[in-house]
Amino acid sequence: MTRAADLLVNALVAHGVDRLFCVPGESYLSVLDALTARDEIDVVTTRHESGAGFMALADARLTGRPGVAFVSRGPGAMNAAIAVHSSQQDAVPLVLFIGQVERAHRNMGAFQEVDYGRVFGPMVKWAAEVNDASRLADTVATAFHAAASGTPGPAVVVLPEDMLDDDVTGAPVTVNRLARAAAPHEDITWLKTLIDEAKRPLIVAGGLLKANGGETALRSVAEAFGIPVAAAVRHADLMPGDHPNYAGHMTYGAPVELLRGLKQADIVIAVGTRLGDVTTQGYAFPAAPAPEQRVVQVWPDAAAVGSVRSLDMGIAADPLLFLDQLRAVAPETPSEERIRWCAELHATATALRQWTGAAEAPDGIVFGAFVEAFDRLLGDEAIITLDAGNFGGWVQKHMRFGGGRAMLAPASGAMGYGVPAAVAASLRHPDRKVVCFVGDGGFLMTGSELATAMQSGAAPILVVSDNGSYGTIRMHQEKHFPGRVGMTGLTNPDFAAMATAYGALGLRVETVGEIEEAITTALSADRPVVISVRTSLQHISAAATIDALRAASR
Ligand SMILES: Cc1ncc(C[n+]2csc(CCOP(=O)(O)OP(=O)(O)O)c2C)c(N)n1
């Protein structure tokens, strides 16, 4: 007899799954049993389903394959919802397996019963409940295909617990090969004409170029044509920050100097980005619905191309294939004019990256000073994960990315991503330094995954910016209701002591003088480290102090 649960594991292995993240549940015990008998898949047991989901998303970014998480029915699935949302917003492929009540009890309001198709409906690309075990393997194949094809995103497979014990002897395991579309030949020819006509072309590069050699292909096209590259939000690592074609990072509230430069572009070629709200600074550049310059967008899903703004050209193609095609028609060398245009934008981006602010304030360290030191002391082969919050502004502005330094951060703005992503990154690349930057707010959302790091042998460095506040929201309060603030203050535990209790190395940085030693100690440790940095709340963002915000509001 072949048990359905064993067939499921066979199907995962056939899809190249070598690691999955879970919180175990009684609703899929047979799968856990099947996994214990196999060593092809490393099962990482996490402390919260959001942690499992975020780890799967980070792993997907690093491998270029769908991330896989298993969670229990009802409460477990609801805890994982944040990862489903991030998968959809970030276009990162995720296959989420959820246990379900036994088939005979469906639609009776049974213990922890949920209709997942309805709950996740608008967010997922595909969701199916496997009621007939003979359909299990092909449902898995469809889920992996749905997650990775077109606009990557979440697929959900629901597993009634009694189905997992059915006999499926002889049922085949299938894999649906991804269909990848290239750009039509005439579009490449036309685009080459548009680029040749342009004086100041600009590439905006997005997350779909993050794995599978996208960075190399991008650099090759940019260098050959002499086109500067601006990174879509959270993807500053797509071009090395010191590369002459690097033109900056279109992050939250990008500096006016950067935008002034980029807006001179007479054609924007968006590759592997949906040109969403944040990257385009609130649909201002390139503007939606009517851009002020020529815009070409390359994205694998025709329905998403041109759905937000009018385009001069929409190309529904795989961005990597597209880059190869464009490279094939590139000139031998770029013109002098193009090299000057690249240099102009690169100079602005480089100047903006320098940290020049005050290092310390009466209420703590200005986080930029800590980030500047980390940038200096950290080697190139590193992975940096970011949680959501204002502390990240300094990291995104003042750290150099690319050329080996990866950035993993959710464009969805989900707090709680940073620590689990760092655990997953450290497991995937034990040879690389993995550093997570997280606020005191975000750290107590999923910081318990430090226990997962201890248990699984991951060794990330977690930098907690402790300003005693949900600082980002406090900043918005100061902007909109100056001086009338509340509900954003945080009474925090001693994060370094907490780390020690987990068995990690806990370090505390209270003054600027302690920064370098703490970083050096952390970088030479071979176990998880938490550096708790006493950050100034007055210096509430990389762009403004609380006093300045209040003065401006008055
Ligand atoms: C899961 C989630 N909940 C709430 C928010 C809204 N939010 C955005 S930033 C922020 C505060 C972040 O505080 P902290 O982690 O301490 O970082 P800081 O802004 O102080 O640097 C909140 C509550 C969010 N983005 N994600």
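Visitor: Which residue is the bridge partner of Val271 in β11?

Guide: Val298 is the partner of Val271 in β11. Keep in mind that this is a predicted model.

Visitor: How many bridges join β10 to β11, and do they run parallel or antiparallel?

Guide: There are 5 bridges between β10 and strand β11, residues 294-299. The two strands run parallel.

Visitor: And what about β7 and β10, how many bridges there?

Guide: Strand β7, residues 201-205, is joined to β10 by 5 bridges. That pair runs parallel. Within it, Val204 sits opposite Ala270 of β10.

Visitor: Which residues sit on each side of β10?

Guide: Ile267, Ile269 and Val271 are on one side. Val268 and Ala270 are on the other. Both faces are covered, and these residues are all buried. In a regular strand, side chains alternate between the two faces of the sheet.

Visitor: Moving on to Ile315. Where does it lie?

Guide: Ile315 is in strand β12, residues 313-316. Its relative accessible area is 1%, so Ile315 counts as buried.

Visitor: What does Ile315 touch?

Guide: Leaving out residues up to four places away in sequence, Ile315 touches Ala183, Asp187, Val296, Gln297, Val298, Trp299, Val305 and Phe322. Val298 is also the β11 bridge partner of Val271.

Visitor: How far apart are Ile315 and Trp299?

Guide: They are 16 residues apart in sequence. In space, their C-alpha atoms are 6.5 Å apart.

Visitor: Switching to charges. How many salt bridges are in the whole structure?

Guide: The search finds 28. One of them pairs the side chains of Asp18 and Arg428, at 2.8 Å from N to O.

Visitor: Which parts does that pair tie together?

Guide: Asp18 is in the loop between α1 (4-14) and β1 (19-22), while Arg428 is in helix α14 (residues 418-428), so the pair ties together parts 410 residues apart in sequence.

Visitor: Which residues are networked with Asp18?

Guide: Asp59, Arg65 and Arg428 are linked with Asp18 in a network of salt bridges.

Visitor: What does Asp42 pair with?

Guide: Asp42 forms a salt bridge with Arg19, and the closest N and O atoms are 2.9 Å apart. Asp42 lies in strand β2 (residues 42-45) and Arg19 in strand β1, so this pair ties together parts 23 residues apart in sequence. Asp42 is partly exposed, at 34% relative accessibility. Arg19 is buried, at 14%.

Visitor: What about Glu478, what does its side chain meet?

Guide: The side chain of Arg474, in a salt bridge of 2.8 Å, N to O. Both residues are in helix α17 (residues 471-480), 4 residues apart, which means about one helical turn separates them. Glu478 is buried at 0% relative accessibility. Arg474 is buried too, with a relative accessible area of 14%.

Visitor: Now the core. Which residues have the most contacts inside the largest nonpolar core?

Guide: Phe370, Phe374, Phe437 and Ile531. That core has 88 residues. A second, separate core has 50 residues, including Ala52, Leu94, Ala424 and Leu427.

Visitor: What does Phe374 touch?

Guide: Not counting residues up to four places away in sequence, Phe374 touches Met399, Val435, Phe437, Ile461, Val463, Ile519, Leu523 and Ile531.

Visitor: Which residues of α12 are buried?

Guide: Phe367, Gly368, Ala369, Phe370, Val371, Ala373, Phe374 and Asp375. That is 8 of the 11 residues in helix α12 (residues 367-377), so the helix is largely enclosed by the rest of the structure.

Visitor: Last topic. How many cavities of 30 Å³ or more are there?

Guide: The count is 3.

Visitor: What lines the largest cavity?

Guide: It is lined by 17 residues. Tyr246, His249, Ala349, Gln396 and Lys397 lie nearest its centre. The elements giving two or more residues to this lining are β9 (246-249), α11 (336-353) and α13 (391-398).

Technical notes: Residues are numbered from 1 along each chain as its sequence is written. This is a predicted model: local features need pLDDT of at least 70, side-chain atom pairs count only at pLDDT 80 or more; totals for chains, interfaces and linings use all residues. Side-chain values use heavy atoms; hydrogens and water are left out. Buried means under 20% relative accessible area, exposed over 50%, partly exposed in between (1.4 Å probe, protein chains only). Two strands pair if DSSP finds at least two bridges between them. A salt bridge is a side-chain nitrogen of Lys or Arg within 4 Å of a carboxyl oxygen of Asp or Glu. A nonpolar core is a set of buried Ala, Val, Leu, Ile, Met, Phe, Trp, Tyr and Cys residues joined through side-chain atoms within 4.5 Å. Contact means heavy atoms within 4.5 Å. On a 1 Å grid over the protein atoms alone, a cavity is a set of points where a 1.4 Å probe fits but cannot get out, and a pocket is an open set with protein on both sides within 12 Å along at least five of seven lines; lining residues have an atom within 4 Å of a point. Grid points are joined across faces, edges and corners, and a volume is the space filled by probe spheres set on the points.
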